Amino acid sequence: METTASRELLLDLFEEYSEWYISLAEDYGSLPRSISGIGNNGRQFIYVLDGLELHHMVRNKFMRFVLEDFSAIAYAYGSLDIRGDSEEGGVEEVLDIVAADTEHYISGSWRVIRDAESKVTGLEHAGTREGDDPDKHSGSWFLSGSIRFTDAEKVRYRALWYEAKPGVVFKDRNAAE
């Protein structure tokens with residue numbers, strides 16, 4: 001089984017996911033946490049995770065389970081984060097997007113702009129980076145390294161994934177649009 005996506009696929013996925021988040025910000029004023037996986041057969045899922053109430057460590061392990069269960073060779077992940085700004089002594093809200101396979105990642109950050117009612121009104125690109133060193137990338141590189149699931153975790157995660165599937169978007173990237 002092929003386990004590595006092409007660089008072109010990662011670039012396409014990163015661009016698609018970035019454009020999707022920009023449109024969500026402009027059209028709906030929201031930025032949900034989400035993950036999308038692509039299987040070696042060209043099938044893709046997009047899973048909005050905002051309703052998933054799990055501790056972040058458990059959620060990350062669940063996402064790894066979903067990617068493994070789907071036989072994903074690449075994925076994209078988007079989430080909001082808070083970062084400190086040492087020059088101004090404040091914090092800022094950022095959207096992070098990563099597209100990765102087992103060997104390479106592309107990651108970008110956008111400053112989140114909100115109005116007085118806290119609705120997202122825009123995103124300001126803060127930079128993009130890429131690499132192949134897991135030590136220089138966050139814990140959201142879900143296809144790097146190995147992970148084992150206990151039998152109890154497999155049962156729990158399989159049930160969670162089964163319950164989530166009706167709300168997950170599935171598509172065939174190979175189909176003519």
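1. Both faces of strand E1 are covered, since Ser34, Ser36 and Ile38 on one side and Ile35, Gly37 and Gly39 on the other are all buried, where buried means under 20% relative accessible area, exposed over 50% and partly exposed in between, with a 1.4 Å probe and protein chains only. Six of the six residues of E1 (residues 34-39) are buried, so the strand is largely enclosed by the rest of the structure. Helices (H or I, at least four residues) and strands (E, at least two) are DSSP runs, numbered from the N terminus.

2. This is a predicted model, in which local features need pLDDT of at least 70 and side-chain atom pairs count only at pLDDT 80 or more, while totals for chains, interfaces and linings use all residues. Residues are numbered from 1 along each chain as its sequence is written, and side-chain values use heavy atoms, with hydrogens and water left out.

3. The mean pLDDT (the predictor's confidence in each residue, from 0 to 100) of the protein chain is 88, and 87% of its residues reach 70 or more. Confidence is highest in strand E2 (residues 43-48), at 97, and lowest in strand E3 (residues 72-85), at a mean of 88.

4. E1 pairs with E2 in the antiparallel sense over five bridges, pairing being assigned if DSSP finds at least two bridges between two strands. Ile38 stands opposite Gln44 in E2. The two strands, E1 and E2, form a hairpin with three residues between them, and Gly42 in the turn has a positive phi of about 90°.

5. Helix H2 (residues 56-69) has 14 residues and reaches 20 Å from its first C-alpha to its last, close to the 20 Å expected at 1.5 Å a residue, the expected span being 1.5 Å times one less than the number of residues. The buried residues of H2 include Arg59, Lys61, Arg64 and Phe65, and the helix is followed by Ser71, whose phi is positive, near 60°.

6. A search of the whole structure finds 14 aromatic pairs; rings of Phe, Tyr and Trp (its six-membered ring) pair if their centres lie within 6.5 Å, and planes under 30 degrees apart count as stacked, over 60 as edge-to-face and the rest as tilted. Phe65 and Tyr157 form a tilted pair, 5.8 Å centre to centre with 50° between the planes. Phe65 lies in H2 and Tyr157 in helix H3 (residues 151-164), so this pair ties together parts that are 92 residues apart in sequence. Both Phe65 and Tyr157 are buried.
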